[in-house]
Amino acid sequence: MRLGAAALASASLLALAPGGPPPLAGLPAGLADTGGGTQLITAEAPRENATAGTLTWWDLRGGHWVRAGSAPARFGARGLVEGGARLQGTNTTPTGLYELPYAFGTGAAPDGTSMPYRRVSQDSWWCQDNASRSYNRWTEPRPGDCRAEESEHLITYEKQYAYAFVIGFNYDRPVRGRGAGIFLHVNGSGPTAGCVSVPAGAMRRILAWAEPARRPHIAIGTAKGATAVTRY
């Protein structure tokens, strides 16, 4: 299911009004945790089985969160699920609060990018093989214990990975079978396989906005219920 034209138009207007009233009530002041930094991205879906919602990026200024930008977002083809209960291969987006370790792309970093940025090459892979020592890691080249059919050859996703952020889901201490390769990236043709995606222009703006010293995080969740974004 794709976002309708009316919703896209509405979200586009929000994106043109940085610093305006927040598009969703209670964010991000209502979150249980914002990661301790002064920059935050929220990705909110209306319900667990939704494949579209809103992504907003925020600055903490004078003790108050101010919206820096907003864009329509896409989620997994099978909706969202609690990150700690997610299973690999389910096409669900994990909810939770996560770090953004680094950015990457098939092209050069957009002007103004200050986050660590890796350029994708022909040898760049994201290992998703549960049996590999490199599970849920960028590898270059692909190691022998990481099967190609169980991994992503990053350069083959030229459009989606034109610009992307690694989302720190299952990243610091990977749990086998929980999932690998969860990114914030450019829209493809429809819902994602578990990532969060936005239009290319939004990704360029986010990369120019994010600053390592301000410790940006991303909070992913629903408007209410057990996976409400405000729980994280």
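The accessible surface of the protein comes to about 10100 Å², of which 51% belongs to carbon and sulfur atoms, with areas taken from the Shrake-Rupley method with a 1.4 Å probe and, for residues, only the protein chains shown counting as cover. This is a predicted model, in which local features need pLDDT of at least 70 and side-chain atom pairs count only at pLDDT 80 or more, while totals for chains, interfaces and linings use all residues. Residues are numbered from 1 along each chain as its sequence is written, and side-chain values use heavy atoms, leaving out hydrogens and water.

**Overall fold**
- The secondary structure comes to 2 helices and 14 strands, where helices (H or I, at least four residues) and strands (E, at least two) are DSSP runs numbered from the N terminus.
- Buried residues (under 20% relative accessible area, 1.4 Å probe, protein chains only) make up 51% of the 232 residues.

**Nonpolar core**
- A nonpolar core is a set of buried Ala, Val, Leu, Ile, Met, Phe, Trp, Tyr and Cys residues joined through side-chain atoms within 4.5 Å; in the largest, of 32 residues, Ile41, Leu55, Phe165, Ile167, Leu184, Val196 and Ile220 touch the most other members.
- Helix 2 supplies the largest share of this core, 5 residues.

**Disulfide**
- The whole structure holds 1 disulfide, a pair of cysteine sulfur atoms within 2.5 Å, formed by cysteine 127 and cysteine 146 with their sulfur atoms 2.2 Å apart.
- The torsion about the S-S bond of cysteine 127 and cysteine 146 is about 120°, so this disulfide is right-handed.
- Cysteine 127 and cysteine 146 are both buried.

Notes. Buried < 20%, exposed > 50% of the residue type's maximum accessible area, 1.4 Å probe, protein only.
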